Amino acid sequence: QVQLVESGGGLVQPGGSLRLSCAASGSIFSINAMGWYRQAPGEQRELVATITNGGSTEYADSVKGRFTISRDNAKNTVYLQMSSLKPEDTAVYYCYAEDYLSDYEWTDYWGQGTQVTVSS
């Protein structure tokens, strides 16, 4: 069983910055991909960014150039640096991790979500 604990959310002004953190703990075998999703009220959950164990990254078009995902493999922690925040970035942000038992068997884990509100 793996637990993901998120931190760093809050209320910020448009144009401001926040840094989200998500640390995995528990019975970890081998975490490969980690990432962040977000969900606004009444909207579907969408991918924000993802990063593999080797450091390959993917970003949603809406956040490219403003958000940066990174990770510390030794600490099993993923980060999301958010800059130039816009009101449309307001959402609950969820981190996830894929824990691999083998090359073909894995379990997905999700954090509890952290609220990010961008407003004047």
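Predicted model: local features only at pLDDT ≥ 70, side-chain atom pairs only at ≥ 80, totals over all residues.
Residues are numbered from 1 along each chain as its sequence is written, and side-chain values use heavy atoms, with hydrogens and water left out.

Now the fold. The protein chain has eleven strands and zero helices; both are DSSP runs numbered from the N terminus, with at least two residues (E) for a strand and at least four (H or I) for a helix. Its radius of gyration is 14 Å, close to the 14 Å of the globule rule for 120 residues, so the chain is as compact as a globular protein of that length. That radius is taken over C-alpha atoms, and the rule is 2.2 Å times the number of residues to the power 0.38. The C-alpha trace spans about 45 × 25 × 25 Å along its principal axes.

How many of the 120 residues are buried? The share is 40%, where buried means under 20% relative accessible area, exposed over 50%, and partly exposed in between, using a 1.4 Å probe and protein chains only.

Next, the core. The largest nonpolar core has 28 residues, and L4, W36, V48, F67, L80, M82 and Y93 touch the most other members. Such a core is a set of buried Ala, Val, Leu, Ile, Met, Phe, Trp, Tyr and Cys residues joined through side-chain atoms within 4.5 Å. Among the elements giving two or more residues to this core are strand 1 (2-7), strand 4 (31-39) and strand 9 (91-100).

G9 sits in the loop between strand 1 and strand 2 (10-12). Its C-alpha atom is 5.4 Å from that of Q115, although the two are 106 residues apart along the chain. G9 is partly exposed, because its relative accessibility is 34%.

Last, two backbone angles. Most residues other than glycine have a negative phi. N76, in the loop between strand 7 and strand 8, has a positive phi near 50 degrees. S84, in the loop between strand 8 and strand 9, also has a positive phi, near 50 degrees. At 42% relative accessibility, S84 counts as partly exposed.
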